[in-house]
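Colleague: I'm new to this one, so could you walk me through a single helix up close? I'd like to know how it sits among its neighbours.

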Amino acid sequence: MTESKRVDQNTLGSYRIQPNPRISVTFNRENIQYGGGDELRTHYIVEGIESQSISAVERSVVWYTEGKGEEDLGVVFFERIQLERRKDSTQTSSASLSTDHLTGALATDLPQSPLSYEGIIVKIRWCVRVRVFFRSGRDFVSEHIFFLGSVPVVRLPAKIET
Amino acid sequence: MSTLVFQNPFSTRFVQPGAIPWLATDISLRAVLFRLYDVDNRAIICGPHGSGKSTILSHLASVAQREGLKVHCLRIRSWIDAIRVMRVFATINPKQSLVSVDSWELLGFLGWFLCQFADFRGLCVVVTVHERPWWNNWPVLLHTKADDKTFRLLVHELMTKYAGSKTIEFSGAMLRDVFQRHSGNLREGFFELYDHYERQSRIPFSRK
C-alpha cells in the first residue's frame, strides 16, 4: 500500500474555527498507477480531530480536469456515511468506520477512460476524495491523486524552453 | 510511465470565486450581510471585471448559510435564465432565504420585471453587475476594486497552499507589472501567472 500526493481544500478557508483533520489514503498499488478495468482498493484514516465533531463522511473516486478553463468532473464511485450522535456523545460506527480515529476502505473497478494527462493547458487527474462534514456546518476535502493509464507528461516546446 | 503531477496554483479550481479568500480588511462579511438588512434586503455589488464581485458574493452566501438562511446561488449566462430566476423568486420563503445572482445585468429588461417582483415579495437578493443598469434602483452594497497589494497577497496565499514546486517564485516587481498590464483584473492576472508557472515548473523536466 502506498500514499499519494495530497491536495487539501477547506471550503470555508477564511473562517476556520477548528483545526483541520489529517486525512491519509493508502492504495493497493505501490506506484499508484492503474490500467482501465483494474480494481482500485484504498484505505483511509482521518486523524487530528475529535470524532464527535464529525456529522458525515463522503468518499468518492473521481476524475476532473484542471487548467485555465472551466472544469469537467466525472464520478465513478460515491458513498456518503452519515454519522449519528449518541447521548453519551461518542460516535456510532458504521460498517466501515471505526471510532478511535475514523478509518474506512473503498474498492471499485476503474473505467477505460479518461486517462490521466499532464498537459500544459489542461490536465486530467484521477483521485480518491474524502470529504469530512463537521457538525458546525464546515467541511474539509482531501484529494489523493492516482494515475489511470500511462500517457507521457507533456514537455515544453524547445523554443519556449529557451 | 510517470507519476509526475504539475499542480498549478493558478488553475481555475484554486482561483475561482469561493476558492480564494476575500481579503478586504475594512469591513467583515458579517457586517456586509447586516448592511444588506439595513438597505431593505436587496442590493447590488458593483465593480469591474475580475475585481472580486463573484468572490464576495460566494463568501457572502456562505456566511448567510451559517446564519441559518437558505441560500440560492444563481449565475446568469443569458436572458433565458430569467425563467430560472423567476421560478426561485416565486417559490422561496422570503423570510428565511437569500438569493445571490451573478452577472445580473445579462438579463436585460427582464431584470426590471424581476426587480419589481422581488420588491413585491420582499425577497432578500444580492446581485453582481459591472455597472448599475438603468432599470435597477437597488442600493449599492459594495463597490469592488482590486489593488496591487491584494493581488500580491492572493498570489502568496495560492503559492503557499497549492504550489507543487517550492523553487518557483515571482518577484514583487513582476507581480506589479502583471497587475498593471491587466488593469487590475485579478482573473486575467492569475491566468498570466498560470502560464509563467507552467513554463517554469516544466523546464527542469524538459531538460532531462
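Modeller: Before we start, two residues are in contact if their C-beta atoms, placed from the backbone, lie within 7 Å. Keep in mind that this is a predicted model. Chain B averages a pLDDT of 90, and 96% of the residues score at least 70. For the model, ipTM is 0.76 and pTM is 0.80.

Let's take helix H5 of chain B, residues 110–121. With twelve residues at 1.5 Å each, H5(B) should span 16 Å, and its end C-alpha atoms sit 17 Å apart, so the two agree. Now, which residues of H5(B) are buried? They're B:Gly111, B:Leu114, B:Cys115 and B:Ala118. Looking down the axis of H5(B), you'd find its buried residues within an arc of 105 degrees, so they line one face of the helix.

Just after H5(B) comes B:Gly122, with a positive phi of about 70 degrees.

Stepping back, chain B is split into domain 1 (29–143) and domain 2 (146–207). The centres of these two domains of chain B, taken over C-alpha atoms, are 32 Å apart. Five residues of domain 1 of chain B are in contact with six of domain 2 of chain B. On the domain 1 side, the touching residues are one nonpolar, four polar and no charged.

Terms used: Residues are numbered from 1 along each chain as its sequence is written. Chains are lettered from A and ligands numbered from 1 in the order in which they are written. This is a predicted model: local features need pLDDT of at least 70, side-chain atom pairs count only at pLDDT 80 or more; totals for chains, interfaces and linings use all residues. Domain bounds come from an automatic or database domain assignment. Ala, Val, Leu, Ile, Met, Phe, Trp, Tyr, Cys and Pro count as nonpolar, Asp, Glu, Lys and Arg as charged, and the others, Gly among them, as polar. pLDDT is the predictor's confidence in each residue, from 0 to 100. Helices (H or I, at least four residues) and strands (E, at least two) are DSSP runs, numbered from the N terminus. The expected span of a helix is 1.5 Å times one less than its number of residues. A residue is buried if 20 or more other C-beta atoms lie within 10 Å of its own, exposed if 12 or fewer, and partly exposed in between; C-beta atoms are placed from the backbone. The arc is that of the directions from the helix axis to the C-beta atoms.
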